[in-house]
Amino acid sequence: QVQLVESGGGLVQPGGSLRLSCAASGSIFSINTMGWYRQAPGKQRELVAAITSGGSTNYADSVKGRFTISRANVKNTVYLQMNSLKPEDTAVYYCQTTLRTYSSSGLRDYWGQGTQVTVSS
């Protein structure tokens, strides 16, 4: 009933930039928080950045000053602008959202399928 479609991953050299997008669609009544997580091989999934419906943001210390999260509420879309990328940013990036659907009584979490970001020379 709810789909999250991510785009924008790929291969980039150290110091380069990428912009990830994630669009939520389906029977959505309201969206609370939207965010990005990442998981590198052999590591646990970790929060990269999140943004509330009011625009408050939260970032992992490792990406502060380099990554910027934003959202377009009318499009149910969240973006992650990633600058000054480092090899340690290499991971699968997952979009996550907490929302209400027309058929549910409470908030639920939904995840995208993931998009690979590789930072390498």
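A: Thr97 is buried, because its relative accessible area is 0% and buried means under 20%, with exposed being over 50% and partly exposed in between (1.4 Å probe, protein chains only). Please keep in mind that this is a predicted model, where local features need pLDDT of at least 70, side-chain atom pairs count only at pLDDT 80 or more, and totals for chains, interfaces and linings use all residues. Residues are numbered from 1 along each chain as its sequence is written, and side-chain values use heavy atoms, with hydrogens and water left out.

Thr97 belongs to strand E9; strands (E, at least two residues) are DSSP runs, numbered from the N terminus. Leaving aside neighbours within four places in sequence, Thr97 is in contact (heavy atoms within 4.5 Å) with Leu4, Ile31, Thr33, Met34, Arg108, Asp109 and Tyr110. With Thr33 there is a further detail: a polar atom of the Thr97 side chain lies 3.2 Å from the backbone oxygen of Thr33.

Now to the backbone angles. Most residues other than glycine have a negative phi. Ser84, although not a glycine, has a positive phi near 50°. Ser84 sits in the loop between E8 and strand E9 (91-101), and counts as partly exposed because its relative accessibility is 41%. Asn76, also not a glycine, has a positive phi of about 50°. The loop that holds Asn76 runs between strand E7 (67-72) and strand E8 (77-82), and with 24% relative accessibility Asn76 is partly exposed.

Technical notes: Helix = DSSP H or I, 4+ residues; strand = E, 2+ residues; numbered from the N terminus. Polar contact = N/O pair within 3.5 Å; in protein donor to acceptor, adjacent residues only side chain to side chain.
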